[in-house]
Amino acid sequence: MAASVALVNAVTGAGGDDSEEALRTLLREHGFFWHQFEPRHAESFRDWGRTLRRFFETTELPVAVDLLNELLLQVPMHPHLADHDDPMDVGLHIHYAPPSADLPHRFRATTLMNLSELVCKHGLSRTGVCAAEGCDRVYADTSRAGRRRFCSEACANRTNVAAFRARKREA
């Protein structure tokens with residue numbers, strides 16, 4: 001989930017960085033084979049970030065389901081179990097695209113399945129665009145409570161302080 005959020009915010013968010021180096025860093029930070037990133041992959045990642053933005057902006061479950069189903073038809077999947085030497089030591093896990101697929105395809109398949117699983121489990125209550133005024137970043141809440149409305153603690157704090165000051169002025 002976090003990889004989807006990071007990509008959408010890098011590509012479509014105000015102040016985002018979708019440079020080749022930033023994309024490579026994003027892949028590394030989210031456990032993808034970043035060393036396989038090539039400059040020719042950059043535009044594919046940017047396109048995917050713009051595509052996923054539509055999902056995060058959706059507030060109606062049927063619309064989100066239609067979008068995810070459309071994308072699931074476009075991104076061929078070949079799930080298989082993997083247990084490779086991984087510095088992140090994740091152990092046995094599922095890959096949704098074959099090892100022979102290029103890095104952008106593997107990223108699309110993984111992020112698409114992660115978002116699909118989140119929607120199946122929680123609907124749209126855990127995804128969206130930050131509720132802070134002036135912020136266009138997206139979020140996906142995987143916490144136990146599932147009450148997140150902001151992209152970061154900074155936006156939550158800024159909004160709460162503004163609300164507190166407004167209440168204080170009214171009193």
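In this predicted model, helix H1, which covers residues 2–12, and helix H5, which covers residues 103–122, have axes that come within 9 Å and cross at roughly 115 degrees. Because angles of 65 to 115 degrees count as roughly perpendicular, H1 and H5 are described as roughly perpendicular to each other. At this crossing, Ala3, Ser4 and Leu7 in H1 meet Phe107, Thr111 and Leu115 in H5. Sorted by class, the residues of this contact of H1 with H5 are four nonpolar and two polar, with no charged residue.

Two packed helices are described by the angle between their axes and the distance between the axes. With that description in mind, we can turn to other partners of H5.

How do H3 and H5 lie relative to each other, parallel or antiparallel? The axes of helix H3, residues 42–57, and H5 come within 10 Å and cross at roughly 10 degrees; angles under 35 degrees count as roughly parallel, and H3 and H5 are therefore roughly parallel to each other. On the H3 side, the contact is made by Ser44, Phe45, Trp48, Leu52, Phe55 and Phe56, which meet Leu103, Pro104, Phe107, Arg108, Thr111, Leu112, Leu115 and Val119 in H5. By class, this contact of H3 with H5 has 11 nonpolar residues, two polar residues and one charged residue.

Helix H4, residues 61–74, packs with H5 at an angle of about 150 degrees, and the axes of the two helices are 11 Å apart. Since angles over 145 degrees count as roughly antiparallel, H4 and H5 are roughly antiparallel to each other, and H4 passes H5 in a left-handed crossing. The residues that make the contact are Leu61, Leu68, Leu71 and Leu72 of H4, together with Leu112, Met113, Leu115, Ser116 and Val119 of H5. In the contact of H4 with H5, eight residues are nonpolar and one is polar, while no charged residue takes part. Leu115 of H5 can be followed through these paragraphs, for it is listed in the contact with H1, in the contact with H3 and in the contact with H4.

The elements that give two or more residues to the lining are H1, strand E2 (93–95) and H5, and H5 gives the most, with four residues. Taken by class, the lining of the largest pocket divides into 11 nonpolar, seven polar and two charged residues.

Leaving aside its neighbours within four places in sequence, histidine 93 is in contact with His80, Leu81, Ala82 and His84. Histidine 93 and cysteine 130, by comparison, are 37 residues apart in sequence and 31 Å apart in space, C-alpha to C-alpha.

Stepping back to the whole protein, the secondary structure comes to six helices and four strands, and, read along the sequence, these follow the pattern α-α-α-α-β-β-α-β-β-α. Taken along the principal axes, the C-alpha atoms fill a box of roughly 65 × 35 × 30 Å.

How values were computed:
Residues are numbered from 1 along each chain as its sequence is written. This is a predicted model: local features need pLDDT of at least 70, side-chain atom pairs count only at pLDDT 80 or more; totals for chains, interfaces and linings use all residues. Side-chain values use heavy atoms; hydrogens and water are left out. Axes are lines fitted to C-alpha atoms, for helices over the stretch in contact, and angles run from 0 to 180 degrees between N-to-C directions. Contact means heavy atoms within 4.5 Å. Ala, Val, Leu, Ile, Met, Phe, Trp, Tyr, Cys and Pro count as nonpolar, Asp, Glu, Lys and Arg as charged, and the others, Gly among them, as polar. A crossing is left-handed if the near helix is turned anticlockwise from the far one by less than a right angle, and right-handed if clockwise.
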